[in-house]
Every structure is written in C-alpha cells, then in structure tokens.
Amino acid sequence: KRQAGVYSSSYSVRRGDTLDAIIRRTFNTSKVRRPILRQAFVKANPTAFRRGNPNWMYAGKVLAMPEIKDFQKAIFVDGTPAANAKRDWVTYP
C-alpha cells in the first residue's frame, strides 16, 4: 500500500494477483525495466514463487519489497552480469 509517496515494505498476495500488477502498485514511478523488477522480487522472495518463476506466484505469501541487494542479485552473478542480461546487449564485430 502507498500513502503520500511512502511505500509499504511488504505485500500480502491474494488469489488472482499478478506480479506485474503488484509492481505497478508498488514501483509505479520506477525507471527500472520490468524484467529486472520481476527478478528482484523473486530474489527477495524465493519461497513465494514456484521454481523461481515470476509467473507462478503463491497466494497467501507475504512479499517483501526488493532491496538494493536483490536488484544486484537480479543483475549480477558473482560480480559479473547475469547470463540472461547479456542476451539484450549489443555487440559489435
């Protein structure tokens, strides 16, 4: 829930909720790309998602809002960019 620009630190998942709808409610003004936001939520709440898939979220779980460390885990693996992030990189000959 939001109140006067202040974000709650958690969200209780209800049946029918989608992660994208939760992201729109909680990170509406964020400039971070949606795939990174999804992965940051999964990293912050590994037991709330079946097999780490952001499309399979369990109702009844309480999601913690991702912190900086969760965004870092979503982008970097052992200090290097995550393999899935490289897919969007532009390469030159």
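## A tour of the chain

What you have open is a predicted model. Of the 93 residues in the chain, 27% count as buried.

Now switch to cartoon view. You'll find four helices and six strands. Trace them along the sequence and you get the pattern β-β-β-α-α-β-α-β-β-α.

Next, colour by pLDDT. The mean for the chain is 83, with 74% of the residues at 70 or more. Select residues 1-6: here pLDDT stays under 50, and the model has five contacts beyond four places in sequence for this stretch.

Select residues 19-26, helix α1, together with residues 34-44, helix α2. How do you describe two packed helices? You give the angle between their axes and the distance between the axes. For this pair, the axes come within 11 Å and cross at roughly 100 degrees. An angle from 65 to 115 degrees counts as roughly perpendicular, and therefore that is how α1 and α2 sit to each other.

From α1, pick L19, D20, I22, I23, R24 and T26; their partners in α2 are R34, L37, R38 and F41. Sorted by type, the residues of this contact are five nonpolar, one polar and four charged.

Methods: Residues are numbered from 1 along each chain as its sequence is written. This is a predicted model: local features need pLDDT of at least 70, side-chain atom pairs count only at pLDDT 80 or more; totals for chains, interfaces and linings use all residues. Side-chain values use heavy atoms; hydrogens and water are left out. Helices (H or I, at least four residues) and strands (E, at least two) are DSSP runs, numbered from the N terminus. Buried means under 20% relative accessible area, exposed over 50%, partly exposed in between (1.4 Å probe, protein chains only). Axes are lines fitted to C-alpha atoms, for helices over the stretch in contact, and angles run from 0 to 180 degrees between N-to-C directions. Angles under 35 degrees count as roughly parallel, over 145 as roughly antiparallel, 65 to 115 as roughly perpendicular and the rest as oblique. Contact means heavy atoms within 4.5 Å. Ala, Val, Leu, Ile, Met, Phe, Trp, Tyr, Cys and Pro count as nonpolar, Asp, Glu, Lys and Arg as charged, and the others, Gly among them, as polar. pLDDT is the predictor's confidence in each residue, from 0 to 100.
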